[in-house]
Amino acid sequence: MSSSSAVPAARPPIRDALVAAAFRLFLERGFEQTTVDDIVALAGVGRRSFFRYFPSKEDVVFPDHEGCLAEMTAFLAASGPEHEPVRRVCDAARLVLRMYAENPAFSVQRYRLTRQVPGLRAYELSVVWRYERALAEYLRGRFAGRPDGTLRADVIAAAVVAAHNNALRSWLRSDGVGDAGAAVDHALAYVHRTYARPADAQAVRSGAAGAGPGPDGDVVVLVSRRDAPLWRVVQELETVLDRS
């Protein structure tokens with residue numbers, strides 16, 4: 001996915017050494033049986049170094065999520081009226097995928113570990129909720145003043161997270177085999193088809209300054225069955241607009 005976010009800064013070697021030592025011990029002894037003292041001893045650093053980078057033993061299992069959340073928040077904050085909102089949050093979710101795909105072996109190890117340790121699963125859910133909240137806050141701002149704007153924002157944010165995670169976890173269960181990006185793109189395309197509205201796309205096309213219609217008049221005529229459900233009519237209209 002292309003994004004305007006800056007290239008993340010290089011991670012300190014000590015931090016990487018702590019993560020590597022922790023996962024080696026977690027795999028050999030188990031998460032519960034491994035202590036912080038064990039980790040720092042294997043990494044060859046002191047306890048203060050560990051807590052400089054990680055508030056707890058659980059945090060060392062998810063070393064990149066804070067940075068990824070900050071990147072997502074900055075990406076959404078840099079959005080303008082020219083960005084169609086549902087597509088924008090789908091693109092933001094792809095930042096999380098990129099983090100996982102950068103190191104498939106580590107991501108698969110972490111997935112297996114979180115499946116085995118209930119406490120880590122609960123921690124992971126709290127991280128997922130923070131991503132969802134970031135998406136929802138952006139959408140609430142874009143839908144402010146509209147009927148059911150807050151409801152729509154929250155539903156779409158939850159759908160984006162659910163679709164992304166469904167594809168991501170399928171990839172992780174396959175031991176990182178296959179094209180994770182293609183799977184996530186397919187899942188997020190479903191969300192976009194379902195929730196993006198022609199009015200949002202038209203607002204983007206017109207621009208924030210209220211540009212007038214194009215040289216061709218920008219008029220669309222759609223023929224549909226009288227008994228067609230509203231969602232089908234909207235979907236057909238969206239398809240026509242996407243082709244224009």
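Colleague: What should I know about the model before I look?
Modeller: It is a predicted model, in which local features need pLDDT of at least 70 and side-chain atom pairs count only at pLDDT 80 or more, while totals for chains, interfaces and linings use all residues. Residues are numbered from 1 along each chain as its sequence is written, and side-chain values use heavy atoms, with hydrogens and water left out.

Colleague: OK, at what angle do H1 and H2 pack?
Modeller: Helix H1 (residues 13–29) and helix H2 (residues 36–43) pack at about 120 degrees, and their axes lie 8 Å apart. That makes H1 oblique to H2, where angles under 35 degrees count as roughly parallel, over 145 as roughly antiparallel, 65 to 115 as roughly perpendicular and the rest as oblique. Helices here are DSSP runs of H or I with at least four residues, numbered from the N terminus, and axes are lines fitted to C-alpha atoms over the stretch in contact, with angles running from 0 to 180 degrees between N-to-C directions.

Colleague: And which residues of H1 and H2 meet?
Modeller: On the H1 side they include Ala 17, Leu 18 and Phe 26, and on the H2 side Ile 39, Val 40 and Leu 42 are among them, contact meaning heavy atoms within 4.5 Å. By class, this contact of H1 with H2 has 10 nonpolar, no polar and three charged residues, with Ala, Val, Leu, Ile, Met, Phe, Trp, Tyr, Cys and Pro counted as nonpolar, Asp, Glu, Lys and Arg as charged, and the others, Gly among them, as polar.

Colleague: Switching topic, how do H4 and H5 pack?
Modeller: The angle between H4 and H5 is about 155 degrees, with the axes 10 Å apart, and that makes H4 roughly antiparallel to H5. Their contact includes Phe 75 of H4 and Val 96 of H5, and by class it has 11 nonpolar, one polar and four charged residues.

Colleague: How many cavities of 30 Å³ or more are there?
Modeller: A search of the whole structure finds one, a cavity being a set of points on a 1 Å grid over the protein atoms alone where a 1.4 Å probe fits but cannot get out, with lining residues having an atom within 4 Å of a point. The largest cavity holds about 190 Å³ of space, a volume being the space filled by probe spheres set on the points, which are joined across faces, edges and corners.

Colleague: Which helix gives the most to its lining?
Modeller: H8 does, with seven residues, while H4, H5, H7 and H8 each supply at least two. The lining divides into 13 nonpolar, three polar and two charged residues.

Note on methods: On a 1 Å grid over the protein atoms alone, a cavity is a set of points where a 1.4 Å probe fits but cannot get out, and a pocket is an open set with protein on both sides within 12 Å along at least five of seven lines; lining residues have an atom within 4 Å of a point.
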